[in-house]
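Hi there,

Here is the structure I promised to pass on. Have a look at it first, and my notes follow below.

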Amino acid sequence: MWLNHAKTLRLHTGNLVNRNRLKKKCPSSPSEELQDCIQATLSDWFSTTKPLSKDFPDTLDCSITQETDAITPEEREELKVSAKLFLCESTQSSIRDAVELACQTLAVSQLDSVIIAPPGPLEGDSQTLADLQPAWEELEALVRSQKIAAIGTSDLDKDLLEQLYNWAQVRPSSNQVNLASCCVMPPDLTAFAKEFDIQLLTHNDPKELMSAATFQEAVQEGTQDLNITDWRLEWVLRYSIIVKSRGIIKAKGYLVSAMKASP
């Protein structure tokens, strides 16, 4: 019912560190974890939220408030807040929306680092600097306005990382490499990163974090609504909050934004 009237769906899973302790089952992949989270959050939210009036909002904000770990000003210095932003569509406004929503949700004025994972190139094409530039310029603007301290990339080979480094005004501080695609870091990438002080990190995220069909299935199971085929994923931001002195994860979660396709 609610989904019929809304145009945008925003979802926050709350702190999964607490949630995962309650569940014995560990997700086998980031995609499965996200699918579980969307389904559970929607299910919880729809079962506890009742429409207050006959006015249905354009934007549905589905978050479980008691599960949210807002950061207090006193503890901010002790914590590192980092995020990876998966863009499902190439829209620049998504980057700003996602970063602002993350700051607002976690009650911080700035994220310590954001790694961008833009939508992959079409089958058979390889990623080029021109593909990356619009998203990178938006990230640079967010660094200048002090919403983000450091920005990084994901899955760039040495040539593309070098092109981006030479072109960018705010240079990448890190580059994530997928462990599935290479068990050993490519030597040319390692040498370049070392020379220009770029941190090489590893990750195990799939090329496409979540397919359209999987997203619709998660929404359908979470809302028991069969009429969701016109909803599409816009972006997913995964954040983690780490206690600097101890290196332990205090909180992690997902923020998700989806849009209804215009008829």
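**What I found**

Leu87 stands opposite Trp235 in S8. Nine bridges tie strand S3 (residues 79–87) to strand S8 (residues 231–243), and the two run antiparallel. Strands here are DSSP runs of E with at least two residues, helices are runs of H or I with at least four, and both are numbered from the N terminus. Two strands pair if DSSP finds at least two bridges between them.

Before going further, a word on the source: this is a predicted model, in which local features need pLDDT of at least 70 and side-chain atom pairs count only at pLDDT 80 or more, while totals for chains, interfaces and linings use all residues. Residues are numbered from 1 along each chain as its sequence is written, and side-chain values use heavy atoms, with hydrogens and water left out.

Back to the sheet. Nine strands form an open sheet with mixed pairing, in the order S2-S1-S9-S8-S3-S4-S5-S6-S7. Strand S2 (59–63) and strand S7 (199–203) are at the edges with a single partner strand each, so one side of each has no neighbour in the sheet.

Now the aromatic rings. Rings of Phe, Tyr and Trp (its six-membered ring) pair if their centres lie within 6.5 Å; planes under 30 degrees apart count as stacked, over 60 as edge-to-face and the rest as tilted. By this rule there are four aromatic pairs. One of them joins Trp45 and Phe46, edge-to-face, at 5.1 Å centre to centre and with 85° between the planes. Trp45 counts as buried, at 9% relative accessibility (buried is under 20% relative accessible area, exposed over 50%, partly exposed in between, with a 1.4 Å probe and protein chains only).

Tyr165 and Phe192 also form an edge-to-face pair, because their ring centres are 5.9 Å apart and their planes are at 90°. This pair links distant parts of the chain, with Tyr165 in helix H6 (residues 158–167) and Phe192 in helix H7 (residues 187–195), 27 residues apart. The charged end of Arg171 sits over the ring of Tyr165, 4.3 Å from its centre (the rule asks for NZ of Lys or CZ of Arg within 6 Å of the ring centre and within 35 degrees of the ring normal).

Finally, helix H4: its buried residues include Ser94, Ile95 and Ala98. After H4 comes Ala107, with a positive phi near 60°.

Best wishes
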